[in-house]
Amino acid sequence: MRYFGIDRIREGMKLGGTLYTATGEILLRYGTELTDEYIKRIQELSFKGIYVEDSESREIVIPSIITEDLKLETARVLKGIYTLDEKRFKTLEMASYVSKIKKCVESIVQQVLFDDRQVINLLDVKTYDDVIYFHCINVAILSIAMAETLKYNMKEIEEIALAAILHDIGKRFLPKELVFKTEKYTTEEWKEYQSHSKKGYEFLKDYVNMSSLAYIAVLQHHEKYDGSGYPDGRKQDDINKYAKIISIANDYDKMLSQKDQHPASQPAKAYQFIIRNTNTFYDPEVVRAFATNVALYPVGVTVKLNDGKTAIVAKNYRGNPLRPLVRIVEPKSLKHFLDLKESPDAKNIAITGVDL
């Protein structure tokens, strides 16, 4: 399979993965041949891109971090928590949602920790119309991986994962038009938007049993290492240790999405933003954990090489983000796999750009 940005999708392409709506309903099944009508529908639902099955990428398998069923079940439960009427907060219905989300988090932790992946390819969990629930799942997945690298124990990892998956719950108390606004915020709007971290913290303290560190992580997930964040402008070691992890996961996934006032970034650009802001926005130790776990060039992405060839990323190596295994696809007469990390023939070959 290979990944195509929405502007490069053409009639006749075959879908490489099932697409779902925000409610978990199947939009288009794997293997569907795309028509102009289907492409228009995909565009209307704000997909950034899709995986396509073709002869050049048939041997490339996109690694799955968690199962499709678990993603969809977690999204359904999150939607229940986000949309439940406030009058029903103290009912058994809310208690049921809280119990279910904790079970989902336990399953996500198990699947991430016991996956034999080399690195995380977050593009593989972005084949959904882009809504807050799937963003929260992505943030949890990446937070779990970083926490494991940082040597947190299982109890701590589960606490981090629960805080990560509920980090944006305060947005349910903001007007939808504010949360999803695409124009620049006014001063008043920005102040109201920033209140979501405190609103989320207060809600969770009242209705969800979590560790004290997890509560504070939700409150502080927008704090920055240099003190430029919110709500309190905390710096360095004054920032909750779980929040430092969730902050990076949140910012990285947001940069891959068409949210707020910023256009979607390529994975490489989002990755480089995090690295570049070490000691400014982000704790250097946590950045190292991020860099160890995230693919600079996700599997299925088309890349340009410095010798003029075009290739598709086939596999990434942990701790070596610049040197993946690729499949040369242009020129067509030279199709073959090339291991940029191990092959002697690749010593002077480097990736120079991404073609989405």
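**Entry 1: ground rules.** I am working with a predicted model, in which local features need pLDDT of at least 70, side-chain atom pairs count only at pLDDT 80 or more, and totals for chains, interfaces and linings use all residues. Residues are numbered from 1 along each chain as its sequence is written, and side-chain values use heavy atoms, with hydrogens and water left out.

**Entry 2: the whole chain.** I looked up the secondary structure and found 12 helices and 10 strands (DSSP runs numbered from the N terminus: helices are H or I with at least four residues, strands E with at least two). The radius of gyration is 20 Å, close to the 21 Å from the globule rule for 356 residues, so the chain is as compact as a globular protein of that length. That radius is taken over C-alpha atoms, and the rule is 2.2 Å times the number of residues to the power 0.38. The C-alpha trace spans about 65 × 45 × 40 Å along its principal axes. I noted that 57% of the 356 residues count as buried (under 20% relative accessible area, with a 1.4 Å probe and protein chains only). Of the contacts between residues at least 6 apart in sequence, 64% join residues at least 24 apart; contact means heavy atoms within 4.5 Å.

**Entry 3: helix 2 and helix 4.** I then turned to helix 2 (residues 68-83) and helix 4 (residues 132-149), which pack at an angle of about 120° with axes 9 Å apart. Axes are lines fitted to C-alpha atoms over the stretch in contact, and angles run from 0 to 180 degrees between N-to-C directions. On the helix 2 side the contact includes T74, A75 and L78, and on the helix 4 side F134 and I137. By class, this contact has 9 nonpolar, 2 polar and 2 charged residues.

**Entry 4: T74.** I picked out T74 in helix 2. Is T74 buried or exposed? It counts as buried, because its relative accessibility is 0%. Beyond its neighbours within four places in sequence, T74 touches I101, C104, I108, I137 and I165. T74 and I137 are 63 residues apart in sequence, yet 7.7 Å apart C-alpha to C-alpha.

**Entry 5: helix 5 and helix 10.** Last, I checked helix 5 (residues 154-165) against helix 10 (residues 241-255): their axes come within 10 Å and cross at roughly 55°. That makes helix 5 oblique to helix 10. The contact involves E156, E159, I160, A163 and A164 of helix 5 with K241, Y242, I245 and I246 of helix 10.

Methods: Nonpolar A, V, L, I, M, F, W, Y, C, P; charged D, E, K, R; others polar. Buried < 20%, exposed > 50% of the residue type's maximum accessible area, 1.4 Å probe, protein only. Parallel < 35°, antiparallel > 145°, perpendicular 65-115°, else oblique.
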